[in-house]
Amino acid sequence: MKKLLILGGLWLACSASAFSQNGDGYWKRLQKTHPETTLEALQNVTPAVSQVPSGQPELPACRLSLVYGGKTRNISEENIQVMKKKGLKAAIIRQFRKEMLFTSAEKEVWLPVKETLVDQIEIEVGADEPVLLYTTVLQNPDPQHNHITLLVEDYQVK
């Protein structure tokens, strides 16, 4: 009977690993929902008022190639306020407790990163290494403070 149980367990383990997904579908789906852009393009978006009645472009998500700066800090009050003004629930805001430093064309930017990713990025990505970030774009609804907050929700090492 023991041999039968061991054999059954071994069969289940082998079949589970044989039929498990390799993650390709996940990354392909993210690439479809997160168009590739640059930090510079995001900061220079100024649509015509007739195109966007609020005067603010709506970009729900994007992916950017940036370079990890190797530094982490607590999230800024400015980014917390943008998240609150955009209507994010407190539970979601609590997922972004840290910001990480990234650079693009010699411009430094601190981006809020999901708490579950902070340690992974610090381990997998060395300072001054390129990384592909999958972000949610939040634009400050206050027209006097044209501030874009990019929430890092996933990444790929390049």
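**View A. The exposed face of helix α6.** On the side of α6 turned away from the buried one, the exposed residues are Thr116, Asp119 and Ile123; exposed denotes over 50% relative accessible area, buried under 20%, and partly exposed the range in between (1.4 Å probe, protein chains only). Helices (H or I, at least four residues) and strands (E, at least two) are DSSP runs numbered from the N terminus. The model is a predicted one, in which local features need pLDDT of at least 70 and side-chain atom pairs count only at pLDDT 80 or more, while totals for chains, interfaces and linings use all residues. Residues are numbered from 1 along each chain as its sequence is written, and side-chain values use heavy atoms, with hydrogens and water left out.

**View B. The buried face of helix α6.** Helix α6 spans residues 115-124, and its buried residues are Leu117, Val118 and Ile121. These residues lie on the same side of α6 because they cover an arc of only 115° around the axis, the arc being that of the directions from the helix axis to the C-beta atoms. An α-helix has 3.6 residues a turn, so residues three or four places apart point the same way. The buried residues of α6 pack against β2 (61-74), β3 (98-104), β4 (107-113) and β6 (148-157), where contact means heavy atoms within 4.5 Å.

View C. With 69% relative accessibility, Ala105 counts as exposed.
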